[in-house]
Structures are given as C-alpha cells and as structure tokens.
Amino acid sequence: MKREKIQLGQAVLMNTEKSVQGSFVEIDGEKFYRIGNADHMEDFFMTIVSDSDHWIFISSNGSLSAGRKDRDHALFPYYTVDKIHDYCGLTGSKTVILAEKGSHTFLWQPFSGELANIYRTERSLLKSIYGNKIIFQEKNFDLGLEFQYGWFTSDKYGFVRKSRLLNFSGEPVRAGILDGLQNILPSGIEYNFQNEYSNLADGYKKSELIEDTRLGLFMLSSIPVDKAEPSESLRATTVWSYGLKESRVLLSGKQIDRYKSGLPVQTETDIRATRGAYLLNADILLEGQKDEQWFIVCEVDRSAADVINLDHFLREENNPAELVDADIRKGTDRLVSFVASADGLQKSSDDLCTARHFSNVLFNIMRGGIYLNNYSVSTDDLLKFIGRSDERVLAEAKTLLPPKGVEITLQQLNLLAKQCGNTTLIRIFSEYLPLTFSRRHGDPSRPWNQFSIETKNEDGSPKFDFQGNWRDIFQNWEALCISFPEFTESIISKFLNATTPDGYNPYRITRDGIDWEAPDPDDPWSYIGYWGDHQIIYLQKLTELSDMYHPGKINRMLSDEVFAYANVPYRIKSYADIVRDPKNTIDFHKELNAEINDRVEYIGSDGRLLSIDGQTVYHVNLAEKILVLLLAKLVNFIPEAGIWMNTQRPEWNDANN
C-alpha cells in the first residue's frame, strides 16, 4: 500500500526521494568536494588527516573518534567502525535550535535522525581536496536557516570545530542555540580500559569550568587502579570556545532534553561521574542574510602548566580566532608541501583526477614517510640511528662524522661509507633512511593494527621514524623512489637486510630494525608472524629503479659483503614433518626469541640479525641474498600447482602467481 501522507502529531512527514550529487566547490579559496543529499547514502567512513599527529576517523552521520598520536590519547572514544556509526547523536557534535517565527517556536535538530523528514531540508557533506577539513551542512527551507559545522586541525591549539548559523531568508529570526560536543574523554583513559571498563571509567570522570574564560577541564578524579596506593591524575583534556557572547556552558548532556522542551538551562561548573560534554547555549537575533559564527577548540593531555598558560591566553587575547585560523592555514600549507615533495601536485582538466592523485600520494607518504630535508642528513639523527642499531660502533662513527649539529649530504655519507672499512658501519650507513611523517596503518575498521603517529620529539622538533607491515611499506617506498631516487639503494639494503636465511621476511619494518609476531595461545588473532609474500616483485621493481637512475650500481653491489640476514625465531620444519602434517609446517622458538631480545638490549637492533658467534653479524653479498630468495621459491614449487606456502598465511598476490 502506498501512503501519500504520514503524520507525526500535527506534522506531515516529508517523503520525497532525493538524488545524491557530487561536485567541486570553493570555500575561502580552497577547493572542496561536495556531496549533496549525503544523508540519502548509507553511512560511510572517512579519515581526516593533518600535518601533525592528529587522527580523526569520522562517519558521514557525524559520529567520530579522534585524538593525538595513538588510540590511548583520545579525545573521543576509539571504537570499531560499527560502533562509531551507531554512536551518532551520542558522541561528537550535538546541535539543537529553537527558532521563533511569528507566534510559534520550532524545534530543529540539524543532522539528527530523530526529527528527520519533519522539515524540507538538504544535507551536504564537504571535504577538502587536501583531506584535512570536513564540513557538515544542512539547509532548512521551512525556517530559512542554514547550519553548518566543520572539523579542522591545528598543531598548536588542537582540534577545532567551527559552527555557523545563517539566516538566508529576508525576515529576522530569533533563535535559541544549544551546540557543542558530547562524550569528551578526560586525559588518562587508555583504549583497553575504555572498551572493557567504560562504566567504571564514567565513575572517575570529573568536569570543571573556569567561568571567566569558559575553559572546560575534563579530568579523572584519580587514575583507576585496584591497588591501595595513591594514583593522582595530573593531566586534563581542555575545551574552550570563542563566539556566541553571553552564552552558557554545559559540561554534560543532562539538560539537553530540558532545553528541547523549551525550559531554561543553567551553566554547569562542576560535574562528577558523568560523561563529559561542552555545549554552548545562547539566544541570538539574526537579521535577514546575516550569520553568527563561533568555534570550539579541544586538546588532549594538558599539564597543569598548559592549563594555566591557556587560561592566561584566553584572558589576554582579544581575538584568538585569527591566531587559530592562521595555525590551521599553516598546517594546510605544511601538509601540501609534504605532498609536493613527493610529486603529489598536478594540474589537469579533470578535477577528480587531480584530487585523486593528491590523495594517493598523501596516503602513500603517510605510510612510507617523506624525506624532510631532501638529501641533507642530520649528524645528530644519524648518530642516534647508529647507536640504536649497534652501539659498539658508535665511537668509531663519531670519529668519521662531522660534529653534532652539522648536516652532510647523502653523497658525502656514501663516500664515508666507502672509506671507513668497517663492514658493520657500511651496512648501517647504507640503510639509513631519514624519513618522517610515517605511521603504521590502522583505523577502526582494522582494530588489530595499532597505529602510532610519531611525527615530533618531546621538544617539538621533527622526529625521524617509520614503521609499517612488510607488504605495505615497500610498495610505498617504491613510489617514493621516483621522487627521491638517491635513496633507492638504501631501501634495497633495508629490504635485503630484513630477509631471512631461508628466504622469508618478518611481519614489520621499523626504523629500529625488524619486528615479528610471537604466537599467543590466548589471543585468537595472534598467529605466525612469518611471511614470504611479494618478495620477488618488490625486489625486482626496486632494482629496476636503481638500474634506471644509477646504471651499473646494482652490479657492483653483487660482490660487496655488506648485507645481513634477519634472525626471525621461526624455523621451517623438515620435509618429513611437513609431509606428515602439511598444515603445521613452522615452529616458533621461544628460547631463541628470548635470546634475541636480550641481545637487542645489549647491542641494539643488530641483535635481531643472524650472527656468527652471538656477537658478530654474519655478512653476505647481494648475489647470495638474491639466490636465497629464488631458491626459497624454487624448492617449494609444485608442478601444475604452484608454490607451497609454508608460512600458512593468505598471501594474496603471491598465492595466485
């Protein structure tokens, strides 16, 4: 039965079907991609990036998770993607508008599903082509009002949520606004505690307001522990706002229903054992074609000194909006410069193609990293890398390198490597990669991958670091070699020094060497961390790049015994054992794993490499490394079947080759 008209009380529900449309628009000189009627699509998931260590994972319905560095430093709870979708209206943005027209007051909740189809509305979603800004927009044609809010990032100030209410009608409108954020996490709640003991965590939450500056502090009354010992919480999440003068501030969602009923609400200054919120409430008069704008700024893990300085800043600064906007622009410029250094900027007649290329390069360098100073090498960082690799050769390295604080070129470093005569130093020099901005991939759709964005040191200086799964990071580096060809052989060295004597490779590649997964019988997601995938094609592409940019260099490396083997504590079983049980072909050696960890504590990441006597790294040449990889495939080749995968992993591409 077709129902032409459905009513909710006296209101008639709008049941018009709308088509989803996409187009590019320009906002303040920056191009955004706009999806019109985005609410008529199924909820989808996005990531918002920054030039620093912010992370934002957000649903198209507005619910989100966000924080700094990793999931243990969250502003909003880090959940799996399904829960983030489900928490719409409970986590993140919340807006209630009471609009007066004539003798009636109309309740409008932009982006909410609660009163959907009551008004004639259009919802749009806009994302910057740079990937670091997102705007939610809703037009209410019955009320003549448009509300929008957007998420932006600032390295200096944190997470910025900008809001705007526009009266696009010709008539003045008086409106009451309740707008802000819900489910704000206090500092000190780690991921595991939030997910396993969230109800207990709520009992420890404490939210306070410094009324003069409208600075909200979200803290724990103490660190939750099950021990009879003092455990004071010394850090806070801070939230402050600018705009909506004379507004009240609510630190919880307890008064939202009261406000929706038309009753007045009061400022909250001290709320305990309740999920934190920061909601602004004000009454404004909007003339026709006029708007009102305000913003909310959040930051995690603030110390007492940070809070005092921020409170002073808010008391003394007359227009913080200019400073916040300037830092947002600075972050965008820096992000664009990162992508530009990896040849991510292009201009074509196809805007989608241009934006897609920028996005591809951006996500490539977010995994693989970028060379911040082109081919300049910081002596300070190089010595730090050598010390963490093998501290036994650090003293000799200091005699070869210029003093601290001096930069040398990669070409000079290569000459030093040739002249030093120490095989260990030559190997360490040859695989040095001064990369930054890299992070292991991970998001709420892949909860087993625990990302960590390490972009700066404690003093704020750039941090040279990288990490990634084997199959991921080398394909990112392959593309990066086209922009920075002089590092091609360094990547080849990193690749070869991470392969094992039996032709396999570890799970992860990091600046501090290699990493593998140790099986945990109590964790169903923990399994063999030993791989053999994508090896030949990766090495082939890297050597092709070397031959293209540096003809003959690979040939000269064939006989140089400056490569090592990764000593991953897995061992392939004998042929007889494999025939007996083909589904159980690998042993993990716990004793060897412990021995390797002890060795790493003693000498550095070189302790994970195969050694002759437990002390001296076993070095081989390029010809042997290539031969081992080929033999590993050849001896496992089954005619008319393929290559037997001893690693017992679904190794995707190689399994099909």
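These legends describe close-up views of a predicted model. Residues are numbered from 1 along each chain as its sequence is written. Local features need pLDDT of at least 70, side-chain atom pairs count only at pLDDT 80 or more, totals for chains, interfaces and linings use all residues, and side-chain values use heavy atoms, with hydrogens and water left out.

**Figure 1. The largest cavity and its lining.** The structure holds four cavities of 30 Å³ or more. A cavity is a set of points on a 1 Å grid over the protein atoms alone, where a 1.4 Å probe fits but cannot get out. The largest cavity has a volume of about 150 Å³, a volume being the space filled by probe spheres set on the points, which are joined across faces, edges and corners. Its lining comprises 16 residues, each with an atom within 4 Å of a point. Glu-431, Lys-494, Gly-513, Ile-514 and Leu-609 lie nearest the centre of the largest cavity. Two or more lining residues come from each of α8 (379–389), α13 (488–497) and β29 (513–515). Helices (H or I, at least four residues) and strands (E, at least two) are DSSP runs, numbered from the N terminus. By class, five lining residues are nonpolar, four polar and seven charged. Ala, Val, Leu, Ile, Met, Phe, Trp, Tyr, Cys and Pro count as nonpolar, Asp, Glu, Lys and Arg as charged, and the others, Gly among them, as polar.

**Figure 2. A nonpolar patch on the surface.** Leu-627, Leu-631, Leu-634 and Val-635 form this patch. Together they have about 400 Å² of accessible area, computed by the Shrake-Rupley method with a 1.4 Å probe, with only the protein chains shown counting as cover for residues. Patch residues have over 30% relative accessible area and no salt bridge; nonpolar side chains (Val, Leu, Ile, Met, Phe, Trp, Tyr) are joined within 5 Å, like charges within 9 Å. Val-635 sits in the loop between α18 (622–634) and β34 (637–638). Val-635 is exposed, at 63% relative accessible area. Buried means under 20%, exposed over 50%, partly exposed in between (1.4 Å probe, protein chains only).

**Figure 3. Asp-291 and Arg-164 in a salt bridge.** Side chains of opposite charge can pair when their charged atoms come close. A salt bridge is a side-chain nitrogen of Lys or Arg within 4 Å of a carboxyl oxygen of Asp or Glu. The structure holds 38 of them. Here the closest N and O atoms are 2.8 Å apart. Asp-291 lies in strand β22 (residues 291–302) and Arg-164 in strand β14 (residues 158–167), so the pair ties together parts 127 residues apart in sequence. Asp-291 is partly exposed at 29%, and Arg-164 is partly exposed at 22%.

**Figure 4. Asp-212 and Arg-315 in a salt bridge.** The closest N and O atoms are 3.5 Å apart. Asp-212 is in the loop between β16 (205–210) and β17 (215–220), while Arg-315 is in helix α5 (residues 304–316); the two are 103 residues apart. Asp-212 is exposed, with a relative accessible area of 65%. Arg-315 is partly exposed, at 44%.

**Figure 5. Leu-244 and Gln-289, two residues with positive phi.** Leu-244 has a phi of about 50 degrees although it is not a glycine. Leu-244 lies in the loop between β18 (236–243) and β19 (248–250), and is buried at 1% relative accessible area. Gln-289, also not a glycine, has a phi of about 65 degrees. Gln-289 lies in the loop between β21 (276–286) and β22, and is exposed at 53%.

Notes
1 Å grid on protein atoms, 1.4 Å probe; cavity = no way out; pocket = protein on both sides within 12 Å on 5 of 7 lines; lining within 4 Å.
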